[in-house]
Each structure stands twice: as C-alpha cells, then as structure tokens.
Amino acid sequence: MVHLFMDVEDPINPLADDAALDLARLFTEAGVRGNFCVTGEKCRTLVARRRTDVLDALAPHCLGLHTDTHSVHPTTMELLADVAFEEGARLAYLAEKRGFDAFAAAFGRPPAFWGGAGNTWSPEITDALGRLGIPAYVYALTELPDRCAHRFNGVLAFTQHLSVSEDDWADDDRAARRCAEVLHEVSRRRTDCLCVFVGHPTRFRHERFWDAPYAGGRTPARPEPAKSVEDRVYEHAKANLASFLRGIAQIGRPIGLDDVLRLPWRFESPDEASLAVFRDRTAANLQAVVHWPIHRPGLDPAGIVAKTLALSNTLQVARLDEKGAKGADPSR
Ligand SMILES: [Zn+2]
C-alpha cells in the first residue's frame, strides 16, 4: 500500500491557490486519491479569497491538518521546547484547536490526520490530537526499525519513507530518474504502508518556499512574496507529476490514509532491540530538526527529547494483517 502526500500551506502568494487547484485535479484525473495536508491559515485564506473551487478540488481526497500556521513563530518546537508536559499539552491544544476549527469550517469535516509542519514537533501534540479526536499523525519524527507504523501516546504514527522534490519535478531527466526509483520501491514493498511525499503546490509555482521570510525566527510585518517560475517550468513539473501518478496507479493504487485507518490494526509491544532503535533514532531526529532554517537560533531540543522518551512506555508496533492489507489495495 502506498500513500502520496502533498502540503498545502502558502497563505501569501495567490498563485499558490491556483497551483493547489491544478495539482489536486491532476490527482483526481489520474484516479489517484492523495493525502493533502492543509494548514488552518491556508483554510482561512481560501475561504477569505472565496476560492471554493480550490476547496472543492481538494474535497475528494484524504485531508489532514498541517498545524494552524506552520512557519509563523512560535513553531511547534519553539512553543513547547521549554515548558513542562502538562503546560505544553494545554498550549498545543489551543494552537491545534484553532487549526482544527478553520479546517472544519472550510471543508465541513474534521481532518483525517495531522501532519507536522516542516521540521518541528513536540510530544504534547499527541495529547492535543487525542482531545481533538484526530487518530493519526504523519511525517512522524518518532521512529522504529524500517520506519514502520506505530502507536505513540495513543495516536497512530506514520513515518515518511520516500520523497520527490519540486526541483525533481521541474527537470524532465531528474523527474524520470527519481520516479523510476520510487516506482521500483513501491512495487518491491507492496505489503508495507509506504508514505511518499511528492511536494508543495506552491513550490511547483514559485522559485522558493513561501516561508523564507520567516527564516531564523523572524516575523516580518509584510512578508515578501515569492517570485513565480516561468509557465514553461510549471507545465513541465505538472506533466511529470501527472505521468508519475499514471504510473503509480498501474502498479498499486495509492489510497487515502483514512481508508487505512479503518482497517483492523494489531498492536504489539516493541522488543528491547526495537525500543533501543526508537530511543536512538527519535532523539537523533529531534536533535536534527532544531536546524530547520525557520527555527530561531539557539533552540534547544533537550526538553523535547526528554519529554518524548519519557513516553516510550506508550509505544506499540502497529501491524496490519495480510487480509486487511489486501482488502485495502484494489491492485492485489
Ligand atoms: Zn509543510
């Protein structure tokens, strides 16, 4: 089983709205149900700009909440780095509840899952997700051997396995090479829950990420808009994505995470070796993401690492039995 993810999060550049519309329609036309992570701020922006066409294009797909404001400070890690878990849980709930409400107002349904913004996370998020009734998170920085699905503090977690970047999509040769690699992996690992990130609509359309003005902890009053790429480049990127979607639809139809969450999961306690990998990999992931260019300088991950590892006793390995996995995959 394979799940394709895209992030819809740029509230600044109006062309990003059109890109989200175009790319959501590409998925629909290819018969591929994607997983789109949408920020609360993007939901408010689309509603304010009356872009019901964009909301309608996203609606057939599995939709998740991509935090309330993504790169606007404080990010998740900046908000929660220096507080005790209980206070962090209160703050995380308040932040994500704003996103949840904007999402529900825009789409008329709750998010099916939650996806961390950029490279930022803290374990209090799982407490907030439980209270909001969101059953899963993706782009998990909690990690087990083979990046397998797991349950952490009561919430199902999916780690990203593969990605194709916007620079790959924009270059025909690079796209062909990278897509061949991904398609090979997908056909090789048919029984796994394989999570593949395929980009941000806004970066298909612009030369840089929308949030560059927020780098290094800055909050500009009027963030600089991004320069758009030439139409020719955008058209190539779209054509390359469309051909990838047709290819992946042939070897094993990608499905929405919401359909997978409905399957019968089995949960097992991790063995000692898996627990050791969890501690090492998760701590390393959290220590690495403080260097996300958006974060303020001097952000210390030690408290977040400690709060996360203190919840190791809640960790469970999540497995689908063969029958459940087959039932979800129409290609098998
Ligand atoms: Zn994002």
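In which loop is the place of Pro74? Pro74 lies in the loop between β3 (62-65) and α4 (76-80), where helices (H or I, at least four residues) and strands (E, at least two) are DSSP runs numbered from the N terminus. This is a predicted model, in which local features need pLDDT of at least 70 and side-chain atom pairs count only at pLDDT 80 or more, while totals for chains, interfaces and linings use all residues. Residues are numbered from 1 along each chain as its sequence is written, and side-chain values use heavy atoms, with hydrogens and water left out.

- Most residues other than glycine have a negative phi, and most peptide bonds are trans.
- His73 and Pro74 are joined by a cis peptide bond, with omega about 0 degrees.
- His70, although not a glycine, has a positive phi of about 60 degrees, and His70 is likewise found in the loop between β3 and α4.

**Packing of α2 with α5**

- Helices α2 (residues 40-48) and α5 (residues 85-107) pack with their axes 8 Å apart and at an angle of about 35 degrees. Axes are lines fitted to C-alpha atoms, for helices over the stretch in contact, and angles run from 0 to 180 degrees between N-to-C directions.
- The crossing of α2 past α5 is left-handed, a term that applies if the near helix is turned anticlockwise from the far one by less than a right angle.
- From α2, Gly40, Cys43, Arg44 and Val47 meet Arg98, Gly99, Ala102, Phe103, Ala106 and Phe107 of α5; contact means heavy atoms within 4.5 Å.
- The residues of this contact comprise 6 nonpolar, 2 polar and 2 charged. Ala, Val, Leu, Ile, Met, Phe, Trp, Tyr, Cys and Pro count as nonpolar, Asp, Glu, Lys and Arg as charged, and the others, Gly among them, as polar.

**Pockets**

- A pocket, on a 1 Å grid over the protein atoms alone, is an open set of points with protein on both sides within 12 Å along at least five of seven lines, and a cavity is a set where a 1.4 Å probe fits but cannot get out; lining residues have an atom within 4 Å of a point.
- The largest pocket holds about 660 Å³ of space, a volume being the space filled by probe spheres set on grid points joined across faces, edges and corners.
- Its lining has 33 residues, of which Gly118, Asn119, Tyr139, Gln160 and Phe197 are the closest to the centre.
- By class, the lining of the largest pocket has 14 nonpolar, 12 polar and 7 charged residues.
- The second largest pocket has about 480 Å³ of space. Among its 26 lining residues, Cys148, Ala149, Asp192, Ala318 and Arg319 lie nearest the centre.
- Strand β11 gives the largest share of the lining of the second largest pocket, 4 residues.

**Cavities**

- The whole structure contains 2 cavities of 30 Å³ or more, and the second largest cavity has a volume of about 40 Å³.
- Lining the second largest cavity are Asp7, Val8, Glu9, Asp10, Ala16, Ala20, Lys42, Pro201 and Thr202.
- This lining divides into 4 nonpolar, 1 polar and 4 charged residues.

**Salt bridges**

- There are 28 salt bridges in the structure, each a side-chain nitrogen of Lys or Arg within 4 Å of a carboxyl oxygen of Asp or Glu.
- Lys42, one of the residues lining the second largest cavity, forms a salt bridge with Asp17, with the closest N and O atoms 2.5 Å apart.
- This pair links distant parts of the chain, as Lys42 in helix α2 and Asp17 in helix α1 are 25 residues apart.
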